[in-house]
Amino acid sequence: MTLSDTSPSAPPGFRAADARPIATVRDPRLDFFRGIAMFIILIAHVPANWMNQWIPARFGFSDATEIFVFCSGMASAIAFGQVFRERGWTMGTARVAFRCWQVYWAHVCLFFAIAATMVVLTASDTLLRDYVGQLNLYPFFNDPATNLVGLLTLTYVPNYFDILPMYLVVLAMLPAVVALARVRVAAAAIAVVTVWILAQMDLLALPAEPWSDREWFFNPFGWQLVFFTGFALMAGWLPAPPVDRRLVIFAATIVVVSVPLAHGPTYREVALLSEVRGALVPLIGKSDLGPLRYGHFLALAYLAWVAVGPRGARLAPSDSDGPGARAWRTGLAVILKVGQQSLAVFIASMYLARLMGVALDVTGRTPLNAVLINLAGMALLVAVAYGAGWFKSAPWRRPARSAAP
């Protein structure tokens, strides 16, 4: 969404014409939008959640997944791009491999944590609900010898657990794309677009389970286009788009026109809209990242980029010290913290979402209960973000305070 003013020298192999400003510091806009996406993702994954009907995905082709992947690409340009530039391709690849290792075990541990919890809840004599079946986990327990190997080799990827594997594969593609960019940025762009086109043609996909032909719901070969778009913007491979009234009108038109075609209660009631929606299905598919879905996200991202102003100036609270300004500063700090700890928060949200569904089963799905339980879940995500930040700061390495007399 932005480019830094910092302009370090281009890495060996980059053509001078391709060298543009490269970000080296974290951008608050990145953390702000990724923090917002984390809250939306939590709400979206709570079963039969009333508030799920009011998330942005119900009014447009793209959703919080694009925000998460796009911002992850931007964050990767900061976290890994500097290593590639300053320490070389080999060390940069090692840094990416370490992150893939972390994401891999986060995925495996998340699966077992949720699966074990669902078994305990299903066996409960008070809840009387089949939470194992709700997540379609019986195939795993019916043949654990086969599916345990499938889980560890990522050839068994249940639908609820498919975002982290997609992110892992896209990360693994990063060293190859950087290597191509060292020859010429255009070569990297051609490779990324070609892989995306092959995914649209169903020529590139990964198996999701050993007993069927089902593929990963989130095809990484399609979704890598969003990731590398964010990476390219933050790395300086692509220039920031100009703030132009005509572009704003064009982007806003795309967003507005998509609303009746994305809002289920609307297009289902109007025959013409339903027909148009049916014709657009191949172009707005989520699994392979259809072209209209990608275009809708770019339009939203552009409007958001313009709305927050240069370097996110409009995100900053006013200089006044009134209660409104103080509340905004506090809220902004919380959102930024959640965005900074996105992996820990995402894992927590996927686990919490199932427990929040259980809480709604017990208390009843009234609007008030849904609001209270969603707020409680979001508060827990904030606690996870601050806790993860505290542990990452390694407080045990700080000098101990001298004891008081």
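Trainee: Which helices are included in what covers the buried residues of H9?

Mentor: Helix H8 (163-183), helix H10 (220-235) and helix H14 (291-308) are among the elements that cover them. Cover is judged by contact, which means heavy atoms within 4.5 Å. The model is a predicted one, in which local features need pLDDT of at least 70 and side-chain atom pairs count only at pLDDT 80 or more, while totals for chains, interfaces and linings use all residues. Residues are numbered from 1 along each chain as its sequence is written, and side-chain values use heavy atoms, with hydrogens and water left out.

Trainee: Which residues of H9 are buried?

Mentor: They are Val185, Ala188, Val192, Val195, Trp196 and Ala199. A residue is buried when its relative accessible area is under 20%, exposed when it is over 50%, and partly exposed in between (1.4 Å probe, protein chains only).

Trainee: Why are the buried residues of H9 said to line one face of the helix?

Mentor: Seen down the axis of H9, the buried residues fall within an arc of 100°, so they line one face. The arc is that of the directions from the helix axis to the C-beta atoms. An α-helix has 3.6 residues a turn, so residues three or four places apart point the same way.

Trainee: What makes the phi of Leu154 and of Leu289 worth noting?

Mentor: Most residues other than glycine have a negative phi. Leu154 has a positive phi near 60°, and Leu289 has a positive phi of about 60° although it is not a glycine. Leu154 lies in the loop between H7 and H8, and Leu289 in the loop between H13 and H14. Just after H9, Asp202 also takes a positive phi of about 60°.

Trainee: Are Leu154 and Leu289 buried or exposed?

Mentor: Leu154 counts as buried because its relative accessibility is 13%. Leu289, at 0%, counts as buried too.

Trainee: How do you know that Arg293 and Asp63 form a salt bridge?

Mentor: A salt bridge is a side-chain nitrogen of Lys or Arg within 4 Å of a carboxyl oxygen of Asp or Glu. The closest N and O atoms of Arg293 and Asp63 are 2.9 Å apart, so the pair meets the definition. Both Arg293 and Asp63 are buried.

Trainee: Where in the chain do these two partners lie?

Mentor: Arg293 is in helix H14, whereas Asp63 is in the loop between helix H1 (28-45) and helix H2 (64-79). The pair is 230 residues apart and links distant parts of the chain.

Trainee: How many salt bridges does a search of the whole structure find?

Mentor: The search finds seven. One of them joins Asp244 and Arg246 at 3.0 Å, N to O. Arg246 counts as exposed because its relative accessibility is 64%. Asp361 also forms a salt bridge with Arg365, with the closest N and O atoms 2.5 Å apart. Arg365, at 33%, is partly exposed. Salt bridges that share partners join Asp63, Glu66, Lys286 and Arg293 into one network.

Trainee: Which residues form the nonpolar patch on the surface?

Mentor: Phe98, Trp101, Trp105, Phe112, Leu148 and Leu152 form the patch, with about 580 Å² of accessible area together. Accessible areas come from the Shrake-Rupley method with a 1.4 Å probe, and for residues only the protein chains shown count as cover. Patches are made of residues with over 30% relative accessible area and no salt bridge: like charges are joined within 9 Å, nonpolar side chains (Val, Leu, Ile, Met, Phe, Trp, Tyr) within 5 Å.

Trainee: Which element gives the most to the patch?

Mentor: H4 does, with four residues. Leu148 lies in helix H7.

Trainee: Why is Leu148 called partly exposed?

Mentor: Its relative accessibility is 35%, so Leu148 counts as partly exposed.

Methods. Helix = DSSP H or I, 4+ residues; strand = E, 2+ residues; numbered from the N terminus.
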